[in-house]
Amino acid sequence: MMGGLDGARRIMEREVSKPKNVGATIARFGRYFGRYWLILLLIAILIVGSTWTQVVAPELIGQAVDCYLFPRPGAVCTYTKDDARAIEARFRADQSLSEAERAEAIRNAKVSGLLGLAALLVLLFVGGSVMSGTMFFLMNWTGLHVLYNLRREVFQHMHRLSLRYYAENEVGNIMSRLTSDLETIQQTINFALISVTSGALLMVWIAIKMFQANVGYALLSLSMVPLMFVATLHFSTQARKAFRRSRQQMGNVNADLQESIAGVREVQAFSREEENIAEFMRVNAANRDANVRAASFTSALTPTLEALGFVALAIVVVVGGIAIFRDEPLFGTTISLGTVFAFLQYVQRFNQPIQQIALLWTNIQSAIAGGERIFGLLDTKPDFEDAPNARPMPLVKGTVEFVDVWAEYKKGQPVLRGINLRAEAGQTIAIVGPTGAGKTTLVNLIPRFYDVSGGAVLIDGVDVRDITLESLRSQIGIVPQDSFLFADTVMNNIRYGRLDATDEEVIAAAKLVAADQFIERLPNGYQTVLGERGAGLSQGQRQLIAIARAALKNPRILILDEATSSVDTRTERIIQNALEKLLRGRTSFVIAHRLSTIRNADLVLVVQAGQIVERGTHSELLAAKGAYYDLYMSQFRRQDQATSGSAPSQATAVTA
Ligand SMILES: Nc1ncnc2c1ncn2[C@@H]1O[C@H](COP(=O)(O)OP(=O)(O)OP(=O)(O)O)[C@@H](O)[C@H]1O
Ligand SMILES: [Mg+2]
């Protein structure tokens, strides 16, 4: 129970960690974006364009005030052909009009001038919206393509990593690289990046405009900004802390859920329901409280910023208004009503991005951290790869030789110590020994799931390290201790042995190993879809499918890790027959738990503590009265009695 919780907690803590090497990670992302540089350039242009529309709009509004609504001498009217004063001057000069007509004409001209400015404003907004919509779309498009490539690379890389990597790293951890890390990056690329860039650009640009207009007024108008930054920083730091706690609690909730579901059989078997529910309620409540706390901070942030924003607006109006009433220059420059209007707009636009940038900044940070972890995964070198001069293995004849083989999982702790053996083509080698002796390790060296740390494994006299992995493994069939069945049809599960096999070939393989009787009785026969990991089948049935899978592959070398779990005598006999057919004519290594397999083997190896302590045939070894004899007396004798059909053990077999 604790192991799972701790694991999830570690993942969650890592999830919120800060990036270490920001520059290198961004540069590396840059390489992925490199091929889309033209689109990125277009996006940059669009960002500048849409920001420009935001900066120009306040000026336009200011000019509408100064040039039409409250025309004043000396007003700057860059966006309109003639302002109200010019219009009046023009019509005054026209002597042919009556006073009334003139007033009417002036009014009409002013209205159409104002409408012209309004139309420009609308055009500006529409243009800005179109540009920003386009840039978000383009960024999404680019981001999705980059992520597609990244995801593919990670997925491919994961298949090149050896079993050792998977033994040392938690599955949940690897999964979170592919899911939550990539998701954070996706959000950042799609939204945060553009929002932060254009927000920052907008703020700088607006500040420049304001300072150009009137330095003192600009400083007063922006006097609330430091406060806003402090408030944002404070609230978002607190919220982030609370969110971090909630995320950790959420990890605990998930780990709890997952363990309770995955281990539901154990939970019920040991009547742990009450304890489990109590524990879950505690974790669930802690998660709720952490979230409530986070929510209180995030809810406080927006109103605070809004209040400060209104104070800033009030300052703009009051300071500007006083200067206008007094008809005095403000900090050396004359202030017009239009300037006040423009500043109101500036201040509003300036305040918007502050909150966004503060919040999205975290997003960007965690995306960089996620990127760092993904690149870390991509940089994990596979333990071994094909040697540069590796050749493809020609069709294997089937001699397998171990020459003084040593193997270790951890440096300096050998698990196999000086194994020597030779299997002639077509022989069946049975391997027996106590649990943890190194049997699985030994056979895993043949398809090169691991590399030896000393000595060599030879197939037909060739070191397995000198041939390509693909050609080696394609000629070796493996039926592992606990076969993995996919949530797919029975047909496709068997076909996994050889993907180009026809339906007829699949059925023939199933018939060969006598799996076809039970498959035919399944609701949809070969088209029955299995549950996850083959749920819905008994253990014996699952093994029959795995054996059929190996039979379909028709390998020259076969490795079989027999399941220890006993099946009923009838299935036992079926599997036994299936194995006999499967083993015939191939070099086979069988980690045996069945007496029948051992009896039929050409050679029995007794492995203890990483060494072969005895070798010979079943009868030779029995006669020697050594390690094998002890093993036989403690394990296999019972099977001997069961298959020989004596009454008491027959009864045990039926009830089993
Ligand atoms: N991935 C691994 N990392 C570290 N040590 C391992 C790993 N796999 C196995 N070992 C260790 O190597 C030794 C041999 O393990 P191995 O799986 O070969 O035993 P086995 O003989 O197949 O046992 P069993 O009959 O229970 O399947 C054991 O002590 C085990 O703890
Ligand atoms: Mg094993």
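## Nonpolar cores

In this predicted model, Ala 548 is in contact with Ile 494, Ala 509, Ala 510, Val 513 and Ala 515, once its neighbours within four places in sequence are left aside. Ala 548 also belongs to the largest nonpolar core, which has 70 residues, and together with Ile 431, Val 513 and Ile 547 it touches the most other members of that core. The element that gives the most to this core is helix H18, spanning residues 539–553, which supplies eight residues.

Another core lies apart from this one and has 30 residues, including Leu 222, Met 224, Met 228 and Leu 305.

## Surroundings of ligand 1

The shell around ligand 1 is made up of Ala 167, Tyr 409, Val 415, Gly 433, Thr 435, Gly 436, Ala 437, Gly 438, Lys 439, Thr 440 and Thr 441. By residue class, this shell divides into four nonpolar, six polar and one charged, and its largest share, three residues, comes from helix H13, which covers residues 439–444.

## The hairpin of S9 and S10

Strand S9 (residues 603–608) pairs with strand S10 (residues 611–616) in the antiparallel sense, and the pairing runs over five bridges. Gln 608 has Gln 611, in S10, as its bridge partner. Two residues lie between the strands of this hairpin, and Ala 609 takes a positive phi near 45° there.

## Domain arrangement

The domain assignment of the protein chain gives domain 1 as 2–379, whereas domain 2 is given in two segments, 395–475 and 592–635. The C-alpha centres of domain 1 and domain 2 are 63 Å apart.

Terms used:
Residues are numbered from 1 along each chain as its sequence is written. Chains are lettered from A and ligands numbered from 1 in the order in which they are written. This is a predicted model: local features need pLDDT of at least 70, side-chain atom pairs count only at pLDDT 80 or more; totals for chains, interfaces and linings use all residues. A residue is near a molecule or strand if its C-beta atom, placed from the backbone, lies within 6 Å of it. Helices (H or I, at least four residues) and strands (E, at least two) are DSSP runs, numbered from the N terminus. Ala, Val, Leu, Ile, Met, Phe, Trp, Tyr, Cys and Pro count as nonpolar, Asp, Glu, Lys and Arg as charged, and the others, Gly among them, as polar. Two strands pair if DSSP finds at least two bridges between them. Domain bounds come from an automatic or database domain assignment. A nonpolar core is a set of buried Ala, Val, Leu, Ile, Met, Phe, Trp, Tyr and Cys residues joined through C-beta atoms within 7 Å. A residue is buried if 20 or more other C-beta atoms lie within 10 Å of its own, exposed if 12 or fewer, and partly exposed in between; C-beta atoms are placed from the backbone. Two residues are in contact if their C-beta atoms, placed from the backbone, lie within 7 Å.
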